[in-house]
Amino acid sequence: MNNKTKMFLPILLAMAIVLGMFINSFFQPNSTTRIFNAPALTASHKLDAVLDMIVEDYVDTVSAERLVEQAIPAILKNLDPHTVYISAKDLQGFNEDLKGNFGGIGVQFIRYRDTVAVVRVVEGGPSEHVGILAGDRIVKVDSIPIVGADMKDDFIMSKLKGPKGTGVKVSIARRGVKDLIELDIIRGSIPVASVDVAYMINDELGYIKVSRFGATTFHEFSKGLEKLKGEGVKKLIVDLRGNTGGYMSAATNMINEFLPEGKMIVYTEGKSQAKTDYVSTGRGDCQDLPIVILIDEFSASASEIFAGAIQDNDRGKIVGRRSFGKGLVQEQRMLPDGSAMRLTVARYYTPTGRCIQKSYSNGKEAYNNDINLRYIHGEFQKEDSIHFADSLKFKTPGGNIVYGGGGIMPDVFIPVDTTGYSSYFRELSRKGLIYRFAFDYVDKNRAEMKAFTKVEEILAYLKNKPLIQDLTKYCQDAGVKPDKKGLNSSLEIIETQVKAYIARDLIDDEGFYPIISKLDNTIDYVIDMKE
């Protein structure tokens, strides 16, 4: 060790200690007031020492930044499955769905015959302002071609998306126009809806589909409720199937609409977080409105908070299949370089005191494979394939038995409906041909159909059209041989899906859900419910 090194060694050690304390603070809740303990400091020193030795003395030149990016996921690997590291470059994409908006030009598109075809233009968005139309093909972005079989959706999105206020130039090919149309667009804030649709199934039964719990969900949900109230709703379905969760606050605000004052909604508790109760205020407008919650195996987290609060307060019926089983609460902690960690800091408990988190003791792979095992064991078909230990049994104030330890078990079990499935239908679905045919049909008949604004108008137009004959030929041209037996077996499903996708291309989910619900055995059950 030379004299210069000896002179600066105390300073370097002091800096290392401060750096270790600084890094450690990001891994602790309430980091501004936390007392740093010796074991944590020792561990961070060890990591710093290993990193320094590799950077300084390893035989080849290595990137410290790259090593850190690889090391953090390895550190988190043996924690729970929902504690994750998010790199700075991925963070924006992770948060977009929950933020309720992103920067972009305001179009929905599909890759169709190797081109980017505009399915729909966001109302009031930048693309509508410059005159882009549904059916247009985007062939260049900032003079870069985006056509061809090898073009990836992620690349296309990276060119169209960008910070609000930034400019982008697009080249448009339009049917009936010889030359490309060159347009300069200023990107805007594009909304990401979390409530897909709110409509009346019949004169009394209203339906709201919530796809995630984001920053704007409660506002969207409230608007949907007001719409249904204006249409005379007497009973409400809240569909949380496939909803993997999001912000707990969005769920608690929504639940508050349906509970009288002083009812427990959920409570959270963790090693370093005191028990926190979330209790209804009694200011909700729908306290007397009968409610049914739909869940399935992909309903998770905030969806389970919603379903658990309704079930444990004997407030409504839960219908469907056992939910995912995520009872852990994450907080997003920012790191100095713009990356983040979603750290599990607490468990949440339903009003009766049950934690519905399923076991993750066998590792993340087994945890993520749990849904497949449920399917193999027959859980999607038969309610009696599901067994809970007596130790997981809880009782609601009304005397109903509920269980913790692995999702929300519905009050009414509805099996997966595979009626009418055939190998022909599965092949069309696997190749996305039903949806692609629907877009092609709208594209060819856009001049006649573009003025339609209601489901009834679309169905009336399609009533006497040879849709199935046209679809069969379209699929044959795409390489799927006609199968008369398979087609007849799946005719209702195929025809309903075609009409639903056509309606979605024309008027979005307001057209899709009222049509596709005709195939939904869970909604059929609720319609026929006597209570």
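Reader: Which residue lies over the face of Tyr367?

Author: This is a predicted model, in which local features need pLDDT of at least 70, side-chain atom pairs count only at pLDDT 80 or more, and totals for chains, interfaces and linings use all residues. Residues are numbered from 1 along each chain as its sequence is written, and side-chain values use heavy atoms, with hydrogens and water left out. A charge sits over a ring if NZ of Lys or CZ of Arg is within 6 Å of the ring centre and within 35 degrees of the ring normal. At 4.8 Å from the ring centre of Tyr367, the residue is Lys358.

Reader: How do the rings of Phe437 and Tyr441 pair?

Author: Rings of Phe, Tyr and Trp (its six-membered ring) pair if their centres lie within 6.5 Å; planes under 30 degrees apart count as stacked, over 60 as edge-to-face and the rest as tilted. The structure holds 17 aromatic pairs. In this one the centres are 6.0 Å apart and the planes make 50°, so by those cut-offs the pair is tilted.

Reader: Is Phe437 buried or exposed?

Author: Buried means under 20% relative accessible area, exposed over 50%, and partly exposed in between (1.4 Å probe, protein chains only). Tyr441 is buried, and Phe437 is likewise buried.

Reader: Which ring does the charged end of Arg504 sit over?

Author: The distance from the charged end of Arg504 to the ring centre is 3.6 Å. The ring is that of Phe512.
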